[in-house]
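Open the model in your viewer and keep the selection tool ready.

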Amino acid sequence: SSSDNIATAELLRVMQLLRQEQDARRKLESSVAKAEKRLTQARQRESSLRSEVTHGSERVEGMRAEYDLLALELYEVKAGRQRAMERKVALGKRLAAEAVEREALALQLEQERAAHGEATEQRTRQTRAWEAERGRTQRELASLRTKAGAAAKKLDGR
């Protein structure tokens, strides 16, 4: 029926959204892992540079430039991580909204199925009542025909 087709289409849409959610989560987790690795590497390089600065004043200017680059990269990594976390929160909100929508659709489908079952049951009861009434009418008609036949025989017999 059309409600089943609608429910099937909605179910397919929900399954597609779930696949998209899984893909987005994998990408997000990969992005966060890469950002954390880069952050760890940047911190290690920062630590190494600080050590070199205290031990070698002839390379101070070059190390400062590299340090500045690393600080910028660290800032970019942190900003990227923040954006990734914001995307994760937004995805969580969207998934929650979709879960509510799926629940509403499931409830609607259940109600439509129940209403369809109730209508079918009512139709069956009406058909049975009609068939019972038809049976009574046919029995009454047969009885009247029998009585009419008997009355006709009486009249012919006189």
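Start inside: there is one cavity of 30 Å³ or more. A cavity here is a set of points on a 1 Å grid over the protein atoms alone where a 1.4 Å probe fits but cannot get out. This is a predicted model, where local features need pLDDT of at least 70, side-chain atom pairs count only at pLDDT 80 or more, and totals for chains, interfaces and linings use all residues. Residues are numbered from 1 along each chain as its sequence is written, and side-chain values use heavy atoms, without hydrogens and water.

Select Arg13, Val14, Leu17, Glu98, Glu101, Arg102 and Leu105. They line the largest cavity, each with an atom within 4 Å of a point. H1 and H2 each give two or more residues to this lining; H2 gives the most, with four. Helices are DSSP runs (H or I, at least four residues), numbered from the N terminus. The largest cavity holds about 30 Å³, the space filled by probe spheres set on the points, which are joined across faces, edges and corners.

Next, the largest pocket, at about 310 Å³. Select Ala7, Glu10, Leu105, Ala106 and Leu109, the closest to its centre among 15 lining residues. A pocket is an open set with protein on both sides within 12 Å along at least five of seven lines. H1 (2–55) and H2 (60–157) each supply at least two lining residues, and H1 gives the most, with eight.

Last, select methionine 15, in helix H1. Methionine 15 counts as partly exposed because its relative accessibility is 39%, between the cut-offs of under 20% for buried and over 50% for exposed (1.4 Å probe, protein chains only).
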